[in-house]
Amino acid sequence: MVTDTSPLVVDSEIITSSLDDPEKFAALFDRYAATLYRYISFRLGPELTEDLVGETFLIAFRRRHAYDISYRDARPWLLGIATKLITGHRRTEVSRYRALERQSPAEPIEGPEEAIIRDLTAQGSRTVLLNALALLSRGDRDVLLLVAWSDMTYEEAARALNIPVGTVKSRLNRARRKVRHTLGGVNPLEEHDHG
């Protein structure tokens, strides 16, 4: 089966056409599986990643009839589903950050969040950042990782998490303040603002 992943075909069109031809939904997998893999792997580790990527797409496929086609880009929707699935594994996520604190840096997976970790490792701040992530509330961590590390706008993060934009801004502000405090007044995530 050949799926159309051309950037000229917007996600909302793929979802709409998949209502009559379910196989067309595979184009979203082709576009976003790697993004979801990086995001989930960073948060939970590789052990759960494949299953949660698959579960994210299964949920999205089952809910495609309810997708708001006024949003052309499905990435926030998919990352929102993945974030909700990650919530069910909060203990695993916090344990992962704690374990990574104690380890030497591993080879990073290519992606924006890994570039930040790589830069922090060079600065000797990796352990402190991982501790700061583990200490954040789930809501603050979700917003921080979606906006600062998954390159989402405030509006996209709000849509992904089904919360108001003002809540995204306040959670992000609080998370950045806590991370900055933990890093001794330096916040490497400030430059990744997408408001």
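The model is predicted, so local features need pLDDT of at least 70 and side-chain atom pairs count only at pLDDT 80 or more, while totals for chains, interfaces and linings use all residues. Residues are numbered from 1 along each chain as its sequence is written, and side-chain values use heavy atoms, with hydrogens and water left out. A search of the whole structure finds six salt bridges (a side-chain nitrogen of Lys or Arg within 4 Å of a carboxyl oxygen of Asp or Glu).

- Arg 43 and Asp 142 form a salt bridge, with the closest N and O atoms 2.6 Å apart. This pair links distant parts of the chain, as Arg 43 lies in helix α2 and Asp 142 in helix α8 (residues 138–149), 99 residues apart.
- Helices are DSSP runs (H or I, at least four residues), numbered from the N terminus.
- Arg 43 is buried at 1% relative accessibility, and Asp 142 is buried at 2%. Buried means under 20% relative accessible area, exposed over 50%, and partly exposed in between (1.4 Å probe, protein chains only).
- Asp 142 also forms a salt bridge with Arg 138, where the closest N and O atoms are 3.4 Å apart. Arg 138 is partly exposed, at 36%.
- Arg 174 in helix α10 and Asp 140 in helix α8 are 34 residues apart, and their salt bridge has its closest N and O atoms at 2.8 Å. Arg 174 is partly exposed at 31%, whereas Asp 140 is buried at 2%.
- Shared partners join Arg 43, Arg 138 and Asp 142 into one salt-bridge network.

**Helix α10**

- Helix α10 (residues 165–182) has 18 residues and reaches 26 Å from its first C-alpha to its last, close to the expected 26 Å (1.5 Å times one less than its number of residues).
- Val 168, Leu 172, Ala 175, Arg 176 and Val 179 are buried in α10. Seen down the helix axis, the buried residues fall within an arc of 100° (taken from the directions from the axis to the C-beta atoms), so they line one face of α10.

**Aromatic and charge–ring contacts**

- Three aromatic pairs are found in the whole structure (ring centres of Phe, Tyr or the six-membered ring of Trp within 6.5 Å; planes under 30 degrees apart are stacked, over 60 edge-to-face, the rest tilted).
- One of them is the edge-to-face pair of Phe 25 and Phe 61, at 5.4 Å centre to centre and 75° between the planes.
- The charged end of Arg 64 sits over the ring of Phe 61, 3.9 Å from its centre (CZ of Arg or NZ of Lys within 6 Å of the ring centre and within 35 degrees of the ring normal).

Conventions. Helices (H or I, at least four residues) and strands (E, at least two) are DSSP runs, numbered from the N terminus.
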